[in-house]
Amino acid sequence: MLNRSILPLLCSFLLAASSASAFNITKILSQYPDYSTFNELLSKSGLASEINNRGTITVLAIPNGAIGDLTSKSEDVLKRVLATHVVLDYYDPMKLQRMKDKTAKMTTMYQQSGKAVYDQGFLNVTVKDGSFIFGSAVKGAQRDSKLDKSVMNQPYNISILSLSQPIVTPGLDGTLVPVSAPPPKVISPASAPPPAEEEEAKSPEEEAESPSEEETKAPSPSEDGDSPASSPDADSPTADSPPADAQSSPQSSAGKLKVSFGLFVVLASMVAAY
């Protein structure tokens, strides 16, 4: 009997708890005509049903007058853009005021889609001139969406904050070129640095200690002769001895004198005989 009486009470408690945490973003925004276009885009993209399945959420709504070109985007791109306007945590003006160092990095629903790259799924919020400024966490992205007001909040389940304009996240259409990873520069041959010298200049001490190659290298013999030019030839006369013709000249003169004298004697004998 006791168990049967507790069961209905337990069911009622669970039903009350679920109804307290559940919400319908379409019905909530329908109470605020200034956000009717944003509400229609949430339903068109199918993001409204995903928001309703969350227990804690912050929607960054855009008023009709600042919706811009969101209505002209394809359904796929539109869903990506709107997903960056849904933060997976509860933020109201009071919580923003308590931000450490007056800045915070927020995780959006687009981060959980598995398609985000280069911090596309995150937002940065900072305090500037007393106002809260929202923008994409992608490096180089513009951050100029200003918090206008709090539309409604249900702590700590859902908060709807109104921004001055849509948050622009680079590359949601698939054309993102990351700023943090520029293409490497190619060095042309003309601008390439000159090669390093093979030998470094020697210090004066090293030059004094090591002799030069000309001093250490022995002179090579000339190609014209194996012996020095100053050495006399074996057959050639020395400088002190007379030439061969000079030595034989007195001997030939003496021989001629003897022959002439003999002929003179023979001739004289013949004359005397007659």
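**Close-up 1. Ser45 is a buried residue of the predicted model.** Its relative accessible area is 5%. Because the cut-off for buried is under 20% relative accessible area, Ser45 counts as buried. The residue is found in helix α3, which covers residues 36-45.

**Close-up 2. The side chain of Ser45 reaches backbone oxygens of Leu41 and Leu42.** A polar atom of the Ser45 side chain lies 3.0 Å from the backbone oxygen of Leu41. For the backbone oxygen of Leu42, the distance from the Ser45 side chain is 3.2 Å.

**Close-up 3. Ser45 also has contacts beyond its neighbours in sequence.** With residues within four places left aside, the partners of Ser45 are Glu75, Leu78, Lys79 and Leu82. Helix α5 spans residues 75-83.

**Close-up 4. The largest nonpolar core holds 46 residues.** Ile25, Phe38, Leu42, Ile51, Leu96, Phe134 and Ile160 touch the most other members. Helix α5 gives the most to this core, with five residues.

**Close-up 5. Leu96 and the residues it touches.** Residues up to four places away in sequence are not counted here. Leu96 touches Tyr91, Met106, Phe132, Phe134, Leu147 and Leu161.

**Close-up 6. Seven strands form an open sheet with mixed pairing.** The strand order is β2-β1-β7-β6-β5-β4-β3. At the edges stand β2 (86-87) and β3 (103-107). Each has a single partner strand, so one side of each is left without a neighbour in the sheet. Strands of a sheet pair through backbone hydrogen bonds, in a parallel or an antiparallel way.

**Close-up 7. Strands β1 and β2 run antiparallel.** Two bridges join β2 to β1, which is made of residues 57-61. Val59 has Val86 of β2 as its bridge partner.

**Overview. The whole chain, for placing the close-ups.** The chain has nine helices and seven strands. Of its 274 residues, 27% count as buried. Take the contacts between residues at least 6 apart in sequence: 60% of them join residues at least 24 apart. The chain exposes about 19200 Å². Carbon and sulfur atoms supply 56% of that area.

Key
Residues are numbered from 1 along each chain as its sequence is written. This is a predicted model: local features need pLDDT of at least 70, side-chain atom pairs count only at pLDDT 80 or more; totals for chains, interfaces and linings use all residues. Side-chain values use heavy atoms; hydrogens and water are left out. Two strands pair if DSSP finds at least two bridges between them. Helices (H or I, at least four residues) and strands (E, at least two) are DSSP runs, numbered from the N terminus. Buried means under 20% relative accessible area, exposed over 50%, partly exposed in between (1.4 Å probe, protein chains only). A polar contact is a pair of N or O atoms within 3.5 Å; within protein, one must be able to donate a hydrogen and the other to accept it, and residues adjacent in sequence count only if both atoms are side-chain atoms. Contact means heavy atoms within 4.5 Å. A nonpolar core is a set of buried Ala, Val, Leu, Ile, Met, Phe, Trp, Tyr and Cys residues joined through side-chain atoms within 4.5 Å. Accessible areas come from the Shrake-Rupley method with a 1.4 Å probe; for residues, only the protein chains shown count as cover.
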